[in-house]
Amino acid sequence: MIEREQYLKKIRPFINKDLVKVLTGVRRSGKSVMLKLIQEELLRQGVNKQQFIEFNFEDMRHADILSASALHDKVSEFILDNNDKVYLFFDEIQEVKDWEKAINSFRVEFDCDIYITGSNAKLLSSELASYLSGRYVEFVIYPFSLEEFAMSYNKLFPNSSPNDIFKQYLTMGGMPYLSNLQFDVEPSKMYLKDLYSALVLKDVVKRNNIRDVDLLERIIAYVTTNIGTTFSATNISKYFKNEGRVVSPETVLNYIRACESAYLFYRVKREDIQGKKILSVNEKYYLVDQGLREAVFGGNRKDINLMFENIVYVELLRRGYTITVGKNGTKEIDFIARKQSEKIYIQVAYLLASEEVVEHEFSVLESISDNHPKYVISYDEFDMSRNGIIHQNIVDFLLC
């Protein structure tokens with residue numbers, strides 16, 4: 001197992017605190033493994049394994065406890081027979097009807113430390129807000145970063161260079177299970193296609209009672225094809241009208257939001273730097289993992305500039321930034337990233353292959369008058385930094 005220290009570092013301060021630890025993220029991003037890593041951390045701290053209670057609610061063996069009352073009875077029976085503090089680990093908790101009532105009851109009744117995972121932001125956020133307001137802390141688990149992918153890849157191919165690994169990462173993405181397939185191309189693609197189907201059917205269609213699955217798939221295909229491009233629900237509605245299908249912008253928006261709740265897409269708002277306000281039109285969308293795009297739709301190398309943007313965007317999320325797309329007059333900044341008092345500007349390009357491209361990428365950042373750090377990230381190995389703007393190779397950026 002890859003240790004995933006960046007997540008453990010965030011979780012450790014909350015171990016044994018009276019807060020429910022909620023691990024969310026797209027299906028198969030490694031949430032179950034994180035529960036195992038937390039258990040290993042507790043064992044190192046002297047906790048006895050007999051104090052653990054764990055259930056994966058997608059396992060049919062637990063079909064008899066998929067209600068709050070049944071789960072409460074089962075866990076209470078164990079706890080009453082155990083005089084020590086207990087540690088509860090519940091994987092894919094949203095499969096339990098009224099789960100939030102049981103979790104809140106455990107927290108109130110017993111001396112316990114609770115860890116839960118879920119794959120739907122809408123479900124978790126709405127019900128947690130109602131029953132556990134102020135009593136939980138959330139950690140979003142993303143697919144492997146390039147650094148984690150490299151750790152996994154190097155176990156099988158120890159002499160691989162960072163550039164070779166990045167080329168694999170560009171098309172395969174960071175789903176942790178790929179290492180079990182030895183990163184073999186065809187089995188990996190098959191796995192990612194099946195994962196995509198499960199994600200759409202279980203976490204989007206089923207959770208949102210979507211009846212027109214064909215329309216949903218068409219909208220997903222449109223958004224995925226146009227990753228990193230500004231558009232609106234009205235744009236998509238007009239596109240379908242030209243294709244002979246009438247779809248309201250509201251329906252389009254609802255379907256995209258359902259995909260956001262399943263962590264398939266991330267919506268990025270646009271920010272007017274001069275007016276210092278968030279714009280409500282022509283937002284951008286990015287995909288949680290570029291490997292899913294390549295496996296289902298293909299074209300990652302053809303759209304490599306957009307894929308670079310996608311990879312950098314998700315990496316910024318991993319590092320804890322909140323992100324907007326910047327508008328400075330007629331110029332657009334790919335990303336404005338904030339974390340506490342820190343603020344950085346980032347332009348992303350595949351290659352700075354001509355003076356025109358260099359001028360475009362750097363002049364956008366040079367037009368910003370403040371002194372916050374500014375970066376141009378590309379695949380070039382030669383350092384083209386100028387006027388205080390740092391140029392960085394994308395592989396170096398992802399591994400730093």
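Rings of Phe, Tyr and Trp (its six-membered ring) are taken to pair if their centres lie within 6.5 Å, with planes under 30 degrees apart counted as stacked, over 60 as edge-to-face and the rest as tilted. The structure is a predicted model, in which local features need pLDDT of at least 70 and side-chain atom pairs count only at pLDDT 80 or more, whereas totals for chains, interfaces and linings use all residues. Residues are numbered from 1 along each chain as its sequence is written, and side-chain values use heavy atoms, with hydrogens and water left out.

By the ring criterion, 30 aromatic pairs are found. In one of them, the ring centres of F14 and F139 are 5.9 Å apart and the planes stand at 65°, so the pair is edge-to-face. F14 lies in the loop between α1 and β1 (20-24) and F139 in strand β5 (residues 136-140), 125 residues apart; helices (H or I, at least four residues) and strands (E, at least two) are DSSP runs, numbered from the N terminus. Ring pairs also link F55, F57, F90, F106 and F110 into a cluster.

Charged groups also meet aromatic rings, a charge being placed over a ring if NZ of Lys or CZ of Arg is within 6 Å of the ring centre and within 35 degrees of the ring normal. The charged end of R319 sits over the ring of F397, 4.6 Å from its centre, and that of K339 over the ring of Y321, at 4.5 Å.

D203 is located in helix α8 (residues 185-208). The side chain of D203 makes a polar contact with that of R27 (2.8 Å), the term denoting a pair of N or O atoms within 3.5 Å; within protein, one must be able to donate a hydrogen and the other to accept it, and residues adjacent in sequence count only if both atoms are side-chain atoms.
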